[in-house]
Amino acid sequence: MARGEKKPRLAVWKFASCDGCQLSLLDCEDELLAVAGALDVAYFPEATRAEISGTYDLSLVEGSVTTAHDAERIQEVRRRSKFLVTIGACATAGGIQALRNFADVKEYTSVVYARPDYIETLATSTPIAEHVAVDFELRGCPISKRQLLEVVSAYLAGRRPVTPPHSTCIECKLKGNVCVMVAHGTPCLGPATHAGCGALCPSYDRGCYGCFGPMESPNAVSLSRRLQDLGMDAAALKRVYRSFNAGASAFRKESERHGK
Amino acid sequence: MGNRTIKVDYLARVEGEGAFKVVVRDGKVQEAELRIFEPPRFFEAFLRGRSIDELSDIVARICGICPVAYQMSAVHAVENALGITVDGPLRELRRLLYCGEWIESHVLHVTMLHAPDFLGYQGGIDMARDHGEAVRRGLALKKAGNDILTLLGGREIHPINVRVGGFYRAPRRRELAPLAETLKRARDQALETLRWVAGFDFPDRERDYTFVSLRHPDEYPFNEGHIVSNRGLDIAAADYDDHFGEIHVAHSTALQSRMTDGGAYLVGPLARYSLNFDKLSPAVQQAAREAGLGEVCRNPYQSIVVRAVEALHAVEEALRIIADYQEPERPAMAIEPAAGVGFAATEAPRGMLWHRYVLNGDGTIAEARIVPPTSQNQACIEEDLTSFIGGFLDLPDEALQHRCEQTVRNYDPCISCATHFLRLDVDRG
Ligand code: SF4
């Protein structure tokens with residue numbers, strides 16, 4: 001690209017998170033320099049101290065909102081972003097830190113900190129879409145690199161990214177895996193979980209633990225019945241829906257059927 | 001020039017959200033403060049009541065750069081509570097997984113985050129315009145580390161294959177063969193990376209640190225060993241609380257660790273290297289000497305060289321493990337839940353990571369405590385700023401700020417980890 005020609009500006013923002021999803025971009029070792037060639041990396045503090053102020057064409061937002069300050073900051077990010085994509089379970093569902101939504105955050109603070117009075121935090125961890133309009137969501141804890149590159153290429157080509165909303169089961173079948181639930185009686189969240197990881201856990205002889213969150217209209221009630229038959233008690237059922245996507249409505253509701 | 005304040009409200013090229021402030025009065029650094037404002041996520045609170053089967057998946061999410069370290073300290077601590085020892089090929093596979101994380105994490109920091117400080121760039125991406133070969137080589141080396149994680153763990157970030165007792169699935173010997181080919185190329189890339197960073201200009205600054213790391217009779221430490229220091233400390237992980245304590249400082253959502261006598265101590269590459277030089281292979285020792293290092297390194301600006309040495313070590317160790325690998329009979333040892341207390345310390349890329357769990361008889365967690373490397377290093381980082389920055393006050397503000405940032409980045413601080421558990425302002429009046 002000729003110098004002076006305007007490239008779209010990319011910004012990467014962090015809210016409450018583990019940094020894993022934005023790290024996925026730096027983990028695209030083979031594509032990183034090409035991405036940096038096609039986009040102006042205008043704001044990405046984890047990678048560069050350079051900072052171009054103003055507005056951004058493509059904003060990737062990682063993390064959930066857990067402080068009053070962040071609730072304001074996301075408004076500012078939205079104002080300055082033309083196309084805003086949330087990346088990962090924290091940003092799209094509140095992340096593992098949304099477990100506080102089911103508990104007393106004061107009690108949590110007192111467990112972790114000697115001086116709870118030094119800590120400012122909200123009682124809940126909420127996804128970005130509860131605060132501002134989101135143009136596209138990427139699932140996963142962490143997101144898949146392949147899907148991240150798809151979002152960037154689709155943005156550059158001016159089309160909608162393709163990220164199938166079906167269940168992990170379909171990915172398992174496509175991969176030719178033997179079903180861990182049918183063949184080994186291993187509890188698996190695959191039938192209710194959004195595709196995207198490539199059926200990773202079943203490929204390693206373990207059950208899916210739902211890190212991509214619920215698929216579109218999952219039948220979690222019937223899945224729970226199956227899991228019960230495989231020996232999971234109410235406490236285990238509540239826990240299994242209550243992890244990295246505990247705040248996603250389908251998983252939250254199903255967990256609440258098995259205990260408070 | 002006598003009174004200045006250098007403030008960085010959002011420190012770049014570190015993992016997570018931190019800031020710092022250095023206050024200069026009458027030409028002296030009066031105060032240096034590292035602030036962690038990363039919002040707390042309360043892992044130790046919500047781990048209570050979770051099953052030991054979920055533990056390694058949950059703690060991984062403390063940090064996207066070093067999830068394996070969290071997984072390793074967690075499973076070792078639970079195994080310690082249950083009185084089991086994972087040995088043989090499963091132990092070797094855990095070491096191999098850790099090699100992958102050391103390579104990926106160290107090379108990211110060396111090439112993309114720290115080298116730009118020495119060569120005068122904003123970041124690795126703009127540095128690539130003039131140093132394309134070095135950056136591409138670094139990315140290829142980092143990828144070799146990630147290839148280990150992907151093969152053994154399922155994915156680079158938050159691997160899914162680790163459990164108490166071992167793994168869900170152990171790799172076949174033939175699956176590891178292509179990895180060995182990648183790692184042979186990585187060995188050359190690691191050596192070249194080491195030679196490249198050895199040629200940087202290092203500020204001539206040393207401090208007499210208290211180094212703390214693990215030490216193992218036969219190996220450069222990863223998963224096991226006694227906690228030792230250069231001042232005669234030699235204890236088991238279970239005795240950590242008798243010698244170290246955490247304090248909660250007002251400017252931080254992180255807790256700071258100190259020795260019980262109040263002194264700061266340093267964990268991470270410098271400490272590990274200086275306490276375990278004799279455990280490196282002769283070839284790696286030789287490479288370190290050629291890179292200008294002695295057997296002990298007290299200059300934190302040279303930590304980039306030590307990281308490159310450790311990356312080389314990790315590549316060699318990975319190759320050795322693959323060459324000797326025998327497939328285990330079962331991917332994991334059988335586990336019987338039992339009540340108990342367990343401790344473990346392992347060597348995360350940034351330093352010792354200590355965990356303690358109290359377990360209930362039904363296989364759930366009653367109590368969790370986690371002390372990450374960056375909270376242990378926080379006091380040292382502030383002391384480095386106080387001791388070193390006074391010597392750089394002839395620099396103009398922009399350059400001085402950059403020097404301060406470099407001084408903090410010497411530690412490759414991992415702020416998401418430190419939360420519970422880091423922000424720069426330089427105030428010159
Ligand atoms: S979604 Fe998972 S991987 Fe991504 S930032 Fe949150 S905790 Fe980390």
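**View 1. The ligand and its surroundings.** Around the ligand sit 16 residues, with A:Gly20, A:Gly88, A:Cys90, A:Cys141 and A:Pro142 the closest (a residue is near when its C-beta atom, placed from the backbone, lies within 6 Å). The ligand lies between chains A and B. Helices H1 (20-26) and H4 of chain A are the elements that give two or more residues to this shell; helices here are DSSP runs of H or I with at least four residues, strands are E runs of at least two, and both are numbered from the N terminus. Sorted by class, the shell has eight nonpolar, six polar and two charged residues. Ala, Val, Leu, Ile, Met, Phe, Trp, Tyr, Cys and Pro count as nonpolar, Asp, Glu, Lys and Arg as charged, and the others, Gly among them, as polar.

This is a predicted model, where local features need pLDDT of at least 70 and side-chain atom pairs 80 or more, while totals for chains, interfaces and linings use all residues. Residues count from 1 along each chain as its sequence is written, with chains lettered from A and ligands numbered from 1 in the order written.

**View 2. Where the two domains of chain A meet.** Here 16 residues of domain 1 of chain A are in contact with 13 residues of domain 2 of chain A (C-beta atoms, placed from the backbone, within 7 Å). Helix H4 (residues 89-93) of chain A gives the most to the domain 1 side, with three residues.

**View 3. An open sheet in chain B.** Three strands line up as S11-S12-S13, with antiparallel pairing (at least two DSSP bridges per pair). Strands S11 (340-348) and S13 (365-371) of chain B are the edges. Nine bridges join S11(B) to S12 (residues 351-359) of chain B, and B:Glu347 stands opposite B:Met352.
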